[in-house]
Amino acid sequence: MKLLVINGPNLNMLGIREPEIYGSATYQALENLVREAAAEAGFEVEIIQSNHEGALVDAIQQAYGKADGIIINPAAYTHTSVAILDALKTVALPAVEVHISNVKEREDFRQVSYAGMACFHTVMGEGLEGYRTAIRVMKDKLSS
């Protein structure tokens with residue numbers, strides 16, 4: 001089984017960006033965790049990160065016919081991108097939304113998730129370990 005893990009803007013700055021919210025682990029640590037968790041779940045994994053909305057849309061579209069599922073942390077685009085929502089709906093792959101912080105406890109503008117509207121599950125507030133949870137949820141979905 002093939003899994004695409006997509007990370008949006010500013011996640012490449014983990015460890016530097018607001019450590020009180022996102023912790024001190026680096027983006028490399030996140031990639032290592034994802035690769036480990038994916039291997040444990042029996043997935044081949046591709047991980048991408050971009051600060052550009054169109055690159056994220058392109059990655060989602062390119063997953064069509066190649067990936068069995070998508071784990072996505074659209075980051076700030078969560079709350080603004082109808083384009084990412086439409087791309088997820090278009091490819092119609094099972095998708096899990098993941099957020100490092102608990103966005104429900106944050107600013108008012110973070111309360112709407114466009115990408116989440118195309119996902120069958122959302123994981124939030126578990127730090128980087130939320131990706132491990134998201135991978136397990138995807139494994140359960142694809143195995144049922």
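## Salt bridges and cores in a predicted model

The side chains of Glu-129 and Arg-132 form a salt bridge, with N and O 2.9 Å apart. A salt bridge here is a side-chain nitrogen of Lys or Arg within 4 Å of a carboxyl oxygen of Asp or Glu. Glu-129 and Arg-132 are three residues apart in helix H5, so about one helical turn separates them. Salt bridges with shared partners join Glu-36, Glu-40, Glu-129 and Arg-132 into one network.

This is a predicted model, in which local features need pLDDT of at least 70 and side-chain atom pairs count only at pLDDT 80 or more, while totals for chains, interfaces and linings use all residues. Residues are numbered from 1 along each chain as its sequence is written, and side-chain values use heavy atoms, with hydrogens and water left out.

The structure holds four salt bridges. The table lists three of them.

| Pair | N to O distance |
|---|---|
| Glu-129 and Arg-132 | 2.9 Å |
| Arg-132 and Glu-40 | 3.3 Å |
| Glu-18 and Arg-17 | 3.5 Å |

Arg-132 lies in helix H5 and Glu-40 in helix H2, so this pair ties together parts that are 92 residues apart in sequence. Helices (H or I, at least four residues) and strands (E, at least two) are DSSP runs, numbered from the N terminus. Arg-132 is buried at 12% relative accessibility, whereas Glu-40 is exposed at 59%. Buried means under 20% relative accessible area, exposed over 50%, and partly exposed in between (1.4 Å probe, protein chains only). Glu-129 is partly exposed, at 37%.

The largest nonpolar core has 26 residues, and Leu-14, Ile-71, Tyr-131 and Ile-135 touch the most other members. Strand S1 (2-7), helix H2 (27-41), strand S4 (95-99) and helix H5 (129-143) each supply at least two residues of this core. Helix H2 gives the most, with seven. Another core, of 20 residues, lies apart from it and includes Ala-59 and Ile-60. A nonpolar core is a set of buried Ala, Val, Leu, Ile, Met, Phe, Trp, Tyr and Cys residues joined through side-chain atoms within 4.5 Å.

Ala-41 is found in helix H2 and is buried, at 12% relative accessibility. Leaving aside residues up to four places away in sequence, Ala-41 touches Ile-135 and Lys-139, where contact means heavy atoms within 4.5 Å. The C-alpha atoms of Ala-41 and Met-1 are separated by 9.4 Å, and these residues are 40 apart along the chain.
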